[in-house]
Amino acid sequence: MIQNPVSHGCHLPVGVCMQVCGTWRVSAKLIRREGEWSGKQILPASVIDDIRRGGDLAKFTYEGIPGYSYRSMWWVPHDEFGAIEAQGIHGQGLYIAPGAEMVIVLFASHPLHLCI
């Protein structure tokens, strides 16, 4: 599930995207559905496939998060569910696992983002 590499002595790349919890959920479902929503292709599936491929595992060797890589602001666990994860500041997180038909939105406001 969502892990925080900062707690393992690694830097955490963070982008800024301010959304309420429900909007995160809708965005995650759009990604889980390969960019399709209500029968319309909103995002190119090729963009999502590119993110899911992740980065080069041989070059990504952060201690504490084995099997993960990072690509386009997404953490990729390379698991059997085709999952991708995003982490924000203050404990926010997003886990999208298309193979399990699951989306988890972790919405928090913790002064230290090590709480995941």
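Of the 116 residues in the protein chain, 33% are buried. The structure is a predicted model, and the values reported here are computed from it. The accessible surface of the chain amounts to about 6,800 Å², and carbon and sulfur atoms account for 59% of this area.

The secondary structure of the protein chain consists of two helices and seven strands. Read from the N terminus, these elements follow the order α-β-β-α-β-β-β-β-β. Helix H1 spans residues 21-32 and strand S1 residues 36-37, while helix H2 covers residues 45-53. Strand S3 comprises residues 69-71. With regard to contacts between residues at least 6 apart in sequence, 41% join residues that are at least 24 apart.

Charged side chains were examined next. Side chains of opposite charge can pair when their charged atoms come close. In the present model, three salt bridges were counted.

Glu34, by contrast, is partly exposed, its relative accessible area being 27%.

The other salt bridges involve Asp50, which pairs with Arg53 and with Arg71. Between Asp50 and Arg53, the closest N and O atoms lie 3.0 Å apart. Both residues are part of helix H2, and because they are three residues apart, about one helical turn separates them. The relative accessibility of Asp50 is 22%, so this residue counts as partly exposed. Arg53 is exposed, with a relative accessible area of 54%.

In the salt bridge between the side chains of Arg71 and Asp50, the N to O distance is 3.0 Å. Arg71 lies in strand S3 and Asp50 in helix H2, so this pair ties together parts of the chain that are 21 residues apart in sequence. Arg71 is partly exposed, at a relative accessible area of 28%. Asp50, Arg53 and Arg71 are thus joined in a network of salt bridges, in which Asp50 is paired both with Arg53 of helix H2 and with Arg71 of strand S3.

Methods: Residues numbered from 1 in each chain as written. Predicted model: local features only at pLDDT ≥ 70, side-chain atom pairs only at ≥ 80, totals over all residues. Heavy atoms only, no water. Helix = DSSP H or I, 4+ residues; strand = E, 2+ residues; numbered from the N terminus. Buried < 20%, exposed > 50% of the residue type's maximum accessible area, 1.4 Å probe, protein only. Contact = heavy atoms within 4.5 Å. Areas by Shrake-Rupley, 256 points an atom, 1.4 Å probe, with all protein chains shown as cover. Salt bridge = Lys/Arg side-chain N within 4 Å of Asp/Glu carboxyl O.
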